[in-house]
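Student: I am new to this structure. Please walk me through the terms used for it.
Tutor: Gladly. Ask what each word rests on.

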Amino acid sequence: MEEQFEILWNTIRERAKALVNPISYSTFIEPLVPVDIVNKKIVLQAESELAARTISKNHMNQLREAVVSANVGLTGAIIYVEGSEEYAVRETPDAMEETSVLLDPRYTFDSFVVGSSNKFVFAAAKSVAENPGENFNPLYIYGGTGLGKTHLMQAIANEILQKKPSLKVIYTTSEKFLNEYVDSMYTKKGAGRDSETRFRNRYRNVDVLLIDDIQFWAGKYGVQEAFFHAFNELFSQHKQIVISSDCPAKELTTLEERLRTRFEGGLIADIQPPDIETKIAILKRKALEKKFVVPDDVLAFLVKNSDNNVRTLEGRLNTVIFASKLHEEPISLSLAATALQEAIGPDEPEEVTPDAIIRATCSHFNTSKEDLLGKNKRQEIVRARQVCTYLMCDMLALPLVTVGQIMGGRDHSTVIYARDKIAELMRVNDKIAKDVNDVKSAVLKQ
């Protein structure tokens, strides 16, 4: 979360730089540190009470103007000094507002790389942003992990907030919507306010509602019921609804049929895996954002041995950029190959397939395909199965439902658990991280 505060503050600070005289900016504004968001106000920690007093007296109006003009969904700023009575944060966070998902100002239509694999969904998203509630309602976006669904969802929200600031826009994830729903059911009334009523009003009194990763509501019928009624209310008032998922609406068999049919009644747009040209264009854009020039042969090399996940592509680029900084060398093909520990070769790699991942996993863990995809509960088999599932999600742009089918007919929630479990273990367990990387390397060498 601190990183997200910093991203928002960087955007606001650039606006403030143009509003405050250079000496005051460098002395008082630039040293401020973002530490929290309360009631749509960014909390900025000052170095001392003297600095806080000067800002509050002389620069608060410019700071507030910078926050609003930055178009990041915030309305003001609070100056805070640690341990100070005078400059403590006294605003009480609104329990419902506190759970809002902050928009990333980097996610815009201009920063989205358009190619043959995503031009249809891009055009649909642009159309919705230009005329909310008029063209495609609901807009249902689906595609594999790391293909740009969240980028497009937030681009819609950012565009509407910038071009139509009078409209009330809520972007949230299915997980946060679920958590708010649960809290509204079990939180007692307080301060004269009814949590259940406030939750209902929050999601029914908006002009645009965007919910990301709706597949995580599988089997959770209470939250589906709550969303169903919110959907009907918004739809009847011609308010825009945008939903994303990792699979087509008709494959969400664990969601109620009445929800699926409503999703299918709008525009369904899928994001396909990017082709080579689009991957290279994405890397060029990412390198430009980091103020690095990467030669075309290096870009081709990064793309050559990659999967379809854009996040993985960016991770490879970041590794090469870090190596360039570390060794104080310009980016070259040999540097990239060394940094990624991959060989340079003229042959095109075979496309990564589920069978290739299964074969590599079985070989590494010395187990059979039948045990891997079966119901064997031995610890070493379960771990191999989880690693295989993780790599399916990481290396292939497949819906989680499809991954579950490949992995022996397992359900959606089992795939999510295995994926997240290995991702968590890789951060704290070097052996697991090595196992995953070894299997991945074996897949890419097949």
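Student: In which sense does α9 pass α10, left-handed or right-handed?
Tutor: The crossing of α9 and α10 is left-handed. That word applies if the near helix is turned anticlockwise from the far one by less than a right angle; clockwise would be right-handed. Helix α9 covers residues 221-236 and helix α10 residues 257-264. Their axes lie 10 Å apart, at an angle of about 40 degrees. Axes are lines fitted to C-alpha atoms, for helices over the stretch in contact, and angles run from 0 to 180 degrees between N-to-C directions.

Student: What kind of model is this, and how are residues numbered?
Tutor: This is a predicted model, in which local features need pLDDT of at least 70 and side-chain atom pairs count only at pLDDT 80 or more, while totals for chains, interfaces and linings use all residues. Residues are numbered from 1 along each chain as its sequence is written, and side-chain values use heavy atoms, with hydrogens and water left out.

Student: What makes the contact between α9 and α10?
Tutor: From α9 come Q224, E225, F227, F228, F231 and N232. From α10 come R258, L259, R262 and F263. Contact means heavy atoms within 4.5 Å. By class, this contact has 5 nonpolar, 2 polar and 3 charged residues. Ala, Val, Leu, Ile, Met, Phe, Trp, Tyr, Cys and Pro count as nonpolar; Asp, Glu, Lys and Arg as charged; the others, Gly among them, as polar.

Student: Why is α19 called oblique to α20?
Tutor: The axes of α19 (residues 412-428) and α20 (residues 430-445) cross at roughly 120 degrees and come within 6 Å. Angles under 35 degrees count as roughly parallel, over 145 as roughly antiparallel, 65 to 115 as roughly perpendicular and the rest as oblique. Therefore α19 is oblique to α20. The crossing of α19 and α20 is left-handed. Their contact has 7 nonpolar, no polar and 1 charged residues.

Student: Why is S24 called buried?
Tutor: Its relative accessibility is 12%. Buried means under 20% relative accessible area, exposed over 50%, partly exposed in between (1.4 Å probe, protein chains only). So S24 counts as buried. S24 sits in helix α2 (residues 22-29). Leaving aside residues up to four places away in sequence, S24 touches I29 and H59.

Student: And why is K119 called exposed?
Tutor: K119 has a relative accessible area of 54%, so K119 is exposed. K119 belongs to helix α5 (residues 119-130).

Student: What makes β4 and β7 a pair?
Tutor: Two strands pair if DSSP finds at least two bridges between them. Strands β4 (residues 139-143) and β7 (residues 240-245) share 4 bridges, so by that rule they pair. The sense is parallel. Y140 stands opposite I243 in β7. Helices (H or I, at least four residues) and strands (E, at least two) are DSSP runs, numbered from the N terminus.

Student: Where do β4 and β7 sit in their sheet?
Tutor: The open sheet has 5 strands in the order β5-β6-β7-β4-β8, with parallel pairing. Its edge strands are β5 (169-173) and β8 (267-271), each pairing on one side only. The twist averages 15 degrees from one strand to the next.

Student: Which strands does α5 touch on that sheet?
Tutor: α5 packs on the sheet and touches β4, β7 and β8. Its direction makes about 135 degrees with that of β8.
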